[in-house]
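Come and look along with me.

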Amino acid sequence: MSISPRSTRYTKKKRKRSLNFSSSSSVRNELDPERMPKHVAIIMDGNGRWARKRLLNRINGHEKGAEAVRTVVRTARKLNIPVLTLYAFSTENWQRPQPEVSGLMLLLRRFLESEHKTLVENEIRLHAIGQIDRLPKAVRDKLNAVMNATADNTRMVLNLALSYGARTEIVDMVKRIAQSVQKGTLDPAAVTAETVAENLYTCGMPDPDLLIRTSGEMRISNFLLWQIAYSEIFFTPTLWPDFGEDEFVEILTAYQSRERRFGAIP
């Protein structure tokens, strides 16, 4: 893999690594556990193009994408990454054709059903951000059941962005702060960046240290606009269904080579 110091795009080496995730020893040999990101956020893009290249329908691409989700969650858990946020369904995605939206909701419910036991056994807490009330009742019920069942898990948080849009999140934050001011429980002069963070959907979570977007698109797409102010960003041409353990580790290795200054001089 080659990376330009100033570039957010990278290209993979042709060399393939064999990772033994039963012990994850090969991963740990490459990565410094002291410099692992506390929070990784991923814009999972390219399911439709993956399917089109294979003359399949888009739902087939989403099904394959669900397998990539399992792989990345497993890898993040074994690497002891505390928070993993996956952009699963945006507020704009409701505008897609109804058969595709219905298929995505069915896939989401099946994913929650199939991964329920795995999340519990691996001490992963499921959390969701977004306009959850817009999801179909069957999906909401299953989502709430899995979140309740995993609420006491402490080894990792799997944060699903569902019916999520960052601008909507910011509007909701402003409304909550305005309500506190109106009630007299908050002085407008006392509003700080911390006040804002406490009223976002991600309250209590660290901001993402690392943001990854797949499929070659180089944009943020209304995702965690406040939270990624100082995130390290990597764009990869890999379509999401093809994104796997090797590439995730390569990006984490590259992340650890970057010097994070947060606007200051080291």
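**Entry: before starting**
I reminded myself that this is a predicted model.

**Entry: α3 and α4**
I began with helix α3, residues 58–78, and helix α4, residues 98–121. At what angle do the axes of α3 and α4 cross? I found roughly 30 degrees, with the axes coming within 10 Å. Angles under 35 degrees count as roughly parallel, and therefore α3 and α4 are roughly parallel to each other. I noted the crossing of α3 and α4 as right-handed.

Next I listed who makes the contact. From α3 I wrote down Arg58, Ile59, His62, Glu63, Ala66, Val69 and Arg70. From α4 I wrote down Glu100, Gly103, Leu104, Leu107, Phe111, Ser114 and Glu115. Sorted by class, the contact of α3 with α4 has 6 nonpolar, 3 polar and 5 charged residues.

**Entry: α4 and α5**
I then followed α4 to helix α5, residues 137–149. The axes of α4 and α5 come within 9 Å and cross at roughly 15 degrees, so α4 and α5 are roughly parallel to each other. Is the crossing of α4 and α5 left-handed or right-handed? I have it down as left-handed.

The residues of α4 that meet α5 include Met105, Leu108, Leu112 and His116. On the α5 side I picked out several partners, among them Ala138, Val139, Leu143 and Val146. By class I get 11 nonpolar, 1 polar and 3 charged residues for the contact of α4 with α5.

**Entry: aromatic pairs**
How many aromatic pairs does the structure hold? My answer is 7. One of them joins Tyr87 and Phe223, which are stacked at 4.3 Å centre to centre, with 10 degrees between the planes. Tyr87 sits in strand β4 (residues 83–90), while Phe223 is in the loop between β7 (210–213) and β8 (232–235), so this pair ties together parts 136 residues apart in sequence.

I also checked burial, where the cut-off is under 20% relative accessible area. Tyr87 has 8% relative accessibility, so Tyr87 counts as buried. Phe223 has 0%, so Phe223 counts as buried too.

Another pair is Phe243 with Phe248, which is tilted: 6.2 Å centre to centre and 50 degrees between the planes. Both Phe243 and Phe248 are buried.

**Entry: a cluster of rings**
Which residues do ring pairs link into a cluster with Tyr87? I noted Tyr164, Tyr201 and Phe223.

Definitions and conventions. Residues numbered from 1 in each chain as written. Predicted model: local features only at pLDDT ≥ 70, side-chain atom pairs only at ≥ 80, totals over all residues. Heavy atoms only, no water. Axes fitted to C-alpha atoms, helices over the stretch in contact; angles between N-to-C directions. Helix = DSSP H or I, 4+ residues; strand = E, 2+ residues; numbered from the N terminus. Parallel < 35°, antiparallel > 145°, perpendicular 65-115°, else oblique. Left-handed = near helix turned anticlockwise from the far one by under 90°. Contact = heavy atoms within 4.5 Å. Nonpolar A, V, L, I, M, F, W, Y, C, P; charged D, E, K, R; others polar. Phe/Tyr/Trp six-rings, centres within 6.5 Å; stacked < 30°, edge-to-face > 60°. Buried < 20%, exposed > 50% of the residue type's maximum accessible area, 1.4 Å probe, protein only.
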